[in-house]
Amino acid sequence: MQFLRPAWALTAAAVCFLLLLLLHSQILREGQLVAGTCEIVTLDRDSSQPRRTIARQTARCACKKGQIAGTTRARPACVDVRIITSRQWCEMTPCLEDEGCNLLVNQSGWTCTQPGGRVKTTTVS
């Protein structure tokens, strides 16, 4: 009987420790992204100027080795780091399927031209 109480106390302590360990791993996992994925953190739009909308977006990415945050099909994505360092933006396929991509003259960004003639310009800072 005198060995039963310490055994129960030890078992209860072990169960509490396992529950704390499980809870801690769950909390760490919730804030992490899967490798190779991105999420939009903030998106601000300014339509104060006529016929012009300025949008600024911040994304959080968990890219694999050799990749860096970029844009694919108008969404944040992990792209080959070579594209960013060479500033050949259209190689990331940043525009939607029906849009044409053109580099800006100074390679500071790109334009996506829609079939109707509307142009979306993206600059990289």
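Modeller: A nonpolar core is a set of buried Ala, Val, Leu, Ile, Met, Phe, Trp, Tyr and Cys residues joined through side-chain atoms within 4.5 Å. Buried means under 20% relative accessible area, exposed over 50%, partly exposed in between (1.4 Å probe, protein chains only).

Colleague: Which residues make up the largest nonpolar core?
Modeller: There are 8 residues in all: Val79, Ile83, Ile84, Trp89, Met92, Cys95, Trp110 and Cys112. Helix 2 and strand 6 (109–113) are the elements that give two or more residues to this core. Helices (H or I, at least four residues) and strands (E, at least two) are DSSP runs, numbered from the N terminus.

Colleague: Before I go on, what are the ground rules?
Modeller: This is a predicted model, where local features need pLDDT of at least 70, side-chain atom pairs count only at pLDDT 80 or more, and totals for chains, interfaces and linings use all residues. Residues are numbered from 1 along each chain as its sequence is written, and side-chain values use heavy atoms, with hydrogens and water left out.

Colleague: Where is confidence lowest, and where highest?
Modeller: Helix 1 (residues 4–30) is lowest, with a mean pLDDT of 57. Strand 5 (residues 100–103) is highest, at 94. The protein chain averages 80, and 75% of the residues score at least 70. pLDDT is the predictor's confidence in each residue, from 0 to 100.

Colleague: What's the order of elements?
Modeller: From the N terminus, α-β-β-β-β-α-β-β-β. That comes to 2 helices and 7 strands.

Colleague: What does Trp89 touch?
Modeller: Leaving out residues up to four places away in sequence, its contacts (heavy atoms within 4.5 Å) are Ile83, Ile84, Pro94, Leu103, Gln107, Ser108, Gly109, Trp110 and Val124. A polar atom of the Trp89 side chain also lies 2.9 Å from the backbone oxygen of Gln107.

Colleague: And which residues does Ile83 touch?
Modeller: Gln88, Trp89, Glu91 and Met92, again not counting residues up to four places away in sequence.

Colleague: Now the backbone. What is phi of Thr93?
Modeller: Near 55°, a positive value in a residue other than glycine. Arg87 has a positive phi too, about 60°, and is not a glycine.

Colleague: Why is Thr93 partly exposed?
Modeller: Because its relative accessible area is 32%. Arg87 counts as partly exposed because its relative accessibility is 33%.

Note on methods
Polar contact = N/O pair within 3.5 Å; in protein donor to acceptor, adjacent residues only side chain to side chain.
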